[in-house]
Amino acid sequence: MAGWILELDRGQGIPWQGNYSSWLEQKEQRLTLEEKSETKRKRTLERELEWIRMSPRARQAKGKARLNAYEQLLSEDTAEKIERAEIYIPPGPRLGDIVVEARGLRKGYGDRLLFDDLTFTLPRGGIVGVIGPNGAGKTTLFRLITGQEQPDGGTLRIGETVQVGYVDQNRDALAPDKSVWDEISGGNDEVVLGKRTVKSRAYASWFNFRGADQQKKVGSLSGGERNRVHLAKLLKRGCNLLLLDEPTNDLDVDTLRALEDAILAFAGCVVVISHDRWFLDRIATHMMAFEGDSHVEWFQGNYQDYEADRHRRLGAEADRPHRIKYRKLVR
């Protein structure tokens, strides 16, 4: 949609007339001409361009391949993954046949029915994108999975080997008087990631906190910086079902792409709530869409595939903006 891109790079503001795709093209050319050793940035751009140039069929094939790769992801060497990763999410124990299975799930507040007859089965290697307006019930679904709330109807079955990791939207739990390094590391020189240990200062640098930035007080951080501290603190815990509630809010492009790669390399199941359609288009194998009128659509495919299906189902109604509506909850 953009007509202009303003890039903030090394203390300079660089305007570009054009959309994101054209900006990526000229950025790659500019980095080549500058002949600077910015391998990380160039690698990020190359991944972006590869995705843009990939055909829809190839994108679909990539998502389907992920579903069949669980055993391979689980068996890959942890040390090698840590070595090549910008962000690494340690896996939990091997998942069984059941991750999360919902049948006719129903939940409401007061006389408002958030969702009804919600049925889905999370695949072991699946990455599920959850979309819908604020207040539709997305976070409530996460609270049901974690046992913080109970459904009003239907059944929700959690597999016996499932270990849940939940990164919520609450950044208030961070201690404002602590340094970034103290908050992330707990004051330890090393952090444990699965079966390996990593120097805690190196781990903090994965989330773009380097040098003096690690000594900043948490209370002085921007929203994006606080989000990075929150992610770093919670992602180091091992799990095999990862629930992410708006993890991309305020993230810079480099950290966002590193998080994408970490999710794709994670040996487990991921469910992520996000309004970032581009992000979901690149990682999701399934979509769970809170469409209003207490209905949730479960769809196999990424966001682009889901949008095509929604237009097929709803026709012209799919393009009309509307406020979310709820059915009455009858107990």
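This section describes the fold, the strand pairing, the nonpolar cores and selected residues of a predicted model.

The protein chain contains 12 helices and 14 strands. Of its 331 residues, 48% count as buried. The accessible surface of the chain comes to about 16,600 Å². Carbon and sulfur atoms account for 49% of that surface. Contacts between residues at least 6 apart in sequence were also examined. Among these, 65% join residues at least 24 apart.

Six strands form an open sheet with the order 7-10-11-5-12-13. The pairing in this sheet is mixed. Strand 7 (164-167) and strand 13 are the edge strands, and each pairs on one side only. On average, neighbouring strands of the sheet are turned by 15° against each other, direction ignored. Strand 5 (residues 127-131) and strand 11 (residues 269-273) pair in the parallel sense. Four bridges connect strand 5 and strand 11. In this pairing, I127 stands opposite V270 of strand 11. Helix 9 lies across strand 7 and strand 10 (241-245). The helix runs at about 170° to strand 7.

Strand 3 (residues 100-109) and strand 4 (residues 112-121) run antiparallel and are joined by six bridges. K107 has F115 in strand 4 as its bridge partner. Strands 3 and 4 form a hairpin with two residues between the strands. In this hairpin, G110 takes a positive phi near 60°. Strand 4 also runs antiparallel to strand 14 (residues 327-328), to which it is joined by two bridges. Here R112 has K328 in strand 14 as its bridge partner.

In soluble globular proteins, nonpolar side chains tend to be buried together. The largest nonpolar core of the model has 45 residues. Y203, F207, L235, L242 and I263 have the most contacts inside this core. Y203 is in contact with I184, V191, L193, V198, A232, L235 and K236, leaving aside neighbours within four places in sequence. Another core, of 27 residues, lies apart from the largest one. Its members include L95, L241, C269 and V296.

Helix 6 (residues 138-145) is largely enclosed by the rest of the structure, because six of its eight residues are buried. The buried residues of helix 6 are K138, T140, L141, F142, L144 and I145. G147 follows helix 6 and has a positive phi, near 80°.

Helix 9 (residues 223-235) contains R228. With a relative accessibility of 10%, R228 counts as buried, because the cut-off for burial is under 20%. Leaving aside neighbours within four places in sequence, R228 is in contact with F207, N208, F209, L251, D252 and T255. F207 is among the residues with the most contacts inside the largest nonpolar core. N208 lies in the loop between helix 8 (200-205) and helix 9. N208 is not a glycine, yet its phi is positive, at about 65°. The relative accessible area of N208 is 17%, so this residue is buried.

A positive phi also occurs at S294, a residue other than glycine, with a value near 65°. S294 is found in the loop between strand 12 (286-292) and strand 13 (295-300). At 2% relative accessibility, S294 counts as buried.

S274 lies in the loop between strand 11 and helix 11 (277-283). This serine counts as buried, at 1% relative accessibility. The side chain of S274 reaches the backbone nitrogen of D276 at 2.9 Å. Not counting residues up to four places away in sequence, S274 touches V130, I131, E246, T248, F279 and L280.

Definitions and conventions: Residues numbered from 1 in each chain as written. Predicted model: local features only at pLDDT ≥ 70, side-chain atom pairs only at ≥ 80, totals over all residues. Heavy atoms only, no water. Buried < 20%, exposed > 50% of the residue type's maximum accessible area, 1.4 Å probe, protein only. Contact = heavy atoms within 4.5 Å. Areas by Shrake-Rupley, 256 points an atom, 1.4 Å probe, with all protein chains shown as cover. Core = buried A, V, L, I, M, F, W, Y, C linked by side-chain atoms within 4.5 Å. Pairing = 2+ DSSP bridges. Axes fitted to C-alpha atoms, helices over the stretch in contact; angles between N-to-C directions. Polar contact = N/O pair within 3.5 Å; in protein donor to acceptor, adjacent residues only side chain to side chain.
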